[in-house]
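Hi,

Here is the structure I promised to pass on, and my notes follow it. Have a look at the model first, then read on whenever you have a moment.

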Amino acid sequence: MVGLGCLTMKVLVTGGAGYIGSTTCKALEEAGHTPVVLDSLLTGPRAFVKDRIFYEGDIADRTLVARIVEEHPDIDSTIHMAARIVVPESVEQPYEYYRDNVAKSLELFDQLNTLGKPRVLFSSSASLYALVENFEVTEGSPLAPGSPYARTKHVMEMCLTDMAAATDLRAVILRYFNPIGSDPDLESGIYAREPSHVLGQLVMAAQGQKDAFTITGVEHPTRDGTGIRDYVHIWDLARAHVTAVERFDAVLADVDAPSAIFNVGTGDGVTVRELVASFERVFGEKVPVKEAPPRPGDAVGAFANVDRAREILGWTADLTIDDAIASALAWGNKRRGILGYA
Ligand SMILES: NC(=O)c1ccc[n+]([C@@H]2O[C@H](COP(=O)([O-])OP(=O)(O)OC[C@H]3O[C@@H](n4cnc5c(N)ncnc54)[C@H](O)[C@@H]3O)[C@@H](O)[C@H]2O)c1
């Protein structure tokens with residue numbers, strides 16, 4: 001393989017118009033690299049592509065992928081983030097989720113390999129993990145993906161591992177925990193009109209767009225009965241990708257395998273009540289809170305054991321949960337100017 005010795009690299013980022021993809025593009029640029037974005041704009045806003053090299057289209061369009069590689073023969077690796085990501089929607093629309101996240105990803109991987117672009121970083125998820133007693137999971141912990149969405153990620157991990165074993169394809173799989181916040185310059189962030197995840201809901205309750213923040217599930221077997229998560233600052237997560245593309249060959253040489261899996265989290269478990277307390281501290285005011293039973297399929301949760309990411313990938317999270325909350329609040333105030341809606 002050639003190319004990774006270079007100080008600067010060109011990286012194909014599928015889903016580069018999305019929340020994590022656009023932030024990762026910015027982190028790549030800050031490290032001196034050049035992202036090439038491939039996104040269908042199925043959900044990601046055009047505003048997040050900014051003035052980057054951009055191909056609007058589908059990951060399964062082999063002709064388009066061939067054209068991208070022809071026009072950018074110096075692409076070193078691909079970060080594959082494009083996916084459908086809404087868990088309840090995946091329960092209602094399993095065909096669309098398996099088609100887009102599994103079948104289309106397979107076409108992309110095969111085409112990249114055929115075109116001589118074998119290095120793939122894949123966005124996987126902590127939602128694969130089974131519940132374990134102390135909530136701390138290593139990459140070897142048991143898996144029990146609880147939704148069609150999570151199962152698409154599990155299937156793709158297995159596909160990538162098998163393809164890497166049998167072909168030139170090489171895979172670094174990152175299992176993200178719970179990304180929150182915005183990039184330091186507030187250029188992108190959560191863009192859903194009604195954010196469904198916990199911090200987005202808290203921001204809406206704090207800013208009066210909702211009557212109260214509802215804690216769903218207060219009888220879980222955690223220290224205070226509420227769900228536990230590992231909230232990782234989006235900027236730390238973006239930096240993990242920069243480290244992973246820069247060290248791609250070294251990482252696989254280190255594990256002596258054609259593929260490797262890493263948890264990308266902080267290593268700290270935070271309950272929903274603890275998140276609310278942190279939020280109120282950063283916000284400076286109490287937020288009205290209601291309690292409700294868990295929603296169907298709500299997971300008790302997990303937090304990352306990050307030893308492998310630190311020792312082999314060479315990455316750890318630096319920023320605090322307070323940093324992430326402050327940036328999410330600031331983004332909440334700023335996003336209308338970028339997205340055209342509050
Ligand atoms: N956000 C999270 O909490 C989280 C957690 C774990 C893993 N992930 C994974 O990280 C990745 C990025 O997530 P995100 O939160 O930035 O989501 P996002 O929805 O903001 O970004 C996904 C992007 O992919 C694009 N896309 C979807 N299907 C496409 C296709 N067939 N061809 C081309 N583009 C397509 C969308 O337009 C969008 O811009 C996803 O793979 C997701 O499963 C996210």
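Leaving aside its neighbours within four places in sequence, Arg 239 is in contact with Ala 27, Trp 315, Thr 316 and Asp 318. Please keep in mind throughout that this is a predicted model. Arg 239 sits in helix α7, which covers residues 234-246, and it counts as partly exposed because its relative accessibility is 25%, outside the under 20% that buried requires. Its side chain makes a polar contact of 2.8 Å with the side chain of Asp 236. For a sense of scale, Arg 239 and Lys 104 are separated by 135 residues in sequence and by 26 Å in space, taken from C-alpha to C-alpha.

Asp 236 is also a residue of helix α7. Is Asp 236 buried or exposed? With a relative accessible area of 1%, Asp 236 is buried. Besides the contact with Arg 239, the side chain of Asp 236 reaches the backbone nitrogen of Leu 319 at 2.8 Å. Not counting residues up to four places away in sequence, Asp 236 touches Trp 315, Ala 317, Asp 318 and Leu 319. Trp 315 and Asp 318 therefore turn up among the contacts of Arg 239 and are touched by Asp 236 under the cut-off of 4.5 Å between heavy atoms.

**The ligand site**

Which polar atoms of the protein lie by an oxygen atom of the ligand? A polar side-chain atom of Tyr 149 is 2.6 Å from an oxygen atom of the ligand, and a polar side-chain atom of Lys 153 is 2.8 Å from an oxygen atom of the ligand. The protein covers 92% of the 820 Å² of accessible area that the ligand has on its own.

**Helix α1**

Helix α1 runs over residues 19-30. Its twelve residues should span 16 Å at 1.5 Å a residue, and its end C-alpha atoms are 17 Å apart, so the two agree. Ten of the twelve residues are buried, which means that α1 is largely enclosed by the rest of the structure. The buried ones are Tyr 19, Ile 20, Gly 21, Ser 22, Thr 23, Thr 24, Cys 25, Lys 26, Ala 27 and Leu 28. They pack against β1 (10-14), β2 (34-39), β4 (75-80), β7 (170-176), β8 (178-180) and α7.

Ser 22 is one example from this helix. Its relative accessible area is 2%, so it is buried. Setting aside neighbours within four places in sequence, Ser 22 is in contact with Gly 16, Phe 48, Arg 52 and Ser 188. Just after the helix, Gly 32 takes a positive phi of about 95°.

**Backbone angles to look at**

Most residues other than glycine have a negative phi. Leu 41, in the loop between β2 and β3 (53-56), has a positive phi near 60° and is not a glycine. Leu 41 is buried, with a relative accessible area of 18%. Leu 186 is not a glycine either, yet its phi is positive at about 55°. Leu 186 is placed in the loop between β8 and α6 (198-206), and at 17% relative accessibility it counts as buried.

**Phe 109 in helix α4**

Finally, Phe 109 lies in helix α4 (residues 94-114). Not counting residues up to four places away in sequence, Phe 109 touches His 80, Val 120, Phe 122, Met 156, Leu 160, Met 163 and Leu 169. Phe 109 and Cys 159 are 50 residues apart in sequence, with 9.6 Å between their C-alpha atoms.

Best wishes

Terms used: Residues numbered from 1 in each chain as written. Predicted model: local features only at pLDDT ≥ 70, side-chain atom pairs only at ≥ 80, totals over all residues. Heavy atoms only, no water. Helix = DSSP H or I, 4+ residues; strand = E, 2+ residues; numbered from the N terminus. Buried < 20%, exposed > 50% of the residue type's maximum accessible area, 1.4 Å probe, protein only. Polar contact = N/O pair within 3.5 Å; in protein donor to acceptor, adjacent residues only side chain to side chain. Areas by Shrake-Rupley, 256 points an atom, 1.4 Å probe, with all protein chains shown as cover. Expected span 1.5 Å × (residues − 1).
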